[in-house]
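Please read them with the model open.

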Amino acid sequence: MLSEGRMRIMTTTDDEEENDDYPETAPFTCSFCGRYDESFTEKNLEMHYWSNCPMLCECEMCGQILKIQFYIDHLLHECQYCSSMRQ
């Protein structure tokens, strides 16, 4: 979801810990799908996350952008509308 001009992307669950072993993403490269594009400025990369990245999706309930692998967990436990969801 865009807030204050920035996009918040859910990349981990509460059960996962941040792992500093991952190499830093190369410039002009999406850190989620690995796509390289010389036009990926900060603004263009946000547009890619929002509309083109195959590894991210938008929650249909709240609009937050998150990794596909966390979508169900988000709907059931973290979405502001999770009380209307059933497993």
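1. The salt-bridge count comes to 1. The rule asks for a side-chain nitrogen of Lys or Arg within 4 Å of a carboxyl oxygen of Asp or Glu. Arg35 and Asp37 make the bridge, with their closest N and O atoms 3.2 Å apart. Arg35 is partly exposed, at 39% relative accessible area. Buried means under 20%, exposed over 50%, and partly exposed in between (1.4 Å probe, protein chains only).

2. A word on the source. The model is predicted: local features need pLDDT of at least 70, side-chain atom pairs count only at pLDDT 80 or more, and totals for chains, interfaces and linings use all residues. Residues are numbered from 1 along each chain as its sequence is written, and side-chain values use heavy atoms, leaving out hydrogens and water.

3. There are 2 aromatic pairs. Rings of Phe, Tyr and Trp (its six-membered ring) pair if their centres lie within 6.5 Å; planes under 30 degrees apart are stacked, over 60 edge-to-face, the rest tilted. Phe28 and Tyr36 have ring centres 6.4 Å apart and planes at 85 degrees, so this pair is edge-to-face. Phe32 and Tyr49 are also edge-to-face, at 5.3 Å and 80 degrees. That pair links distant parts of the chain, 17 residues apart: Phe32 sits in the loop between E3 and H1, Tyr49 in helix H1. Both Phe32 and Tyr49 are buried.

4. Check Phe28. Its phi is positive, about 65 degrees, although it is not a glycine. Phe28 is partly exposed, at 38% relative accessible area.

Technical notes. Helix = DSSP H or I, 4+ residues; strand = E, 2+ residues; numbered from the N terminus.
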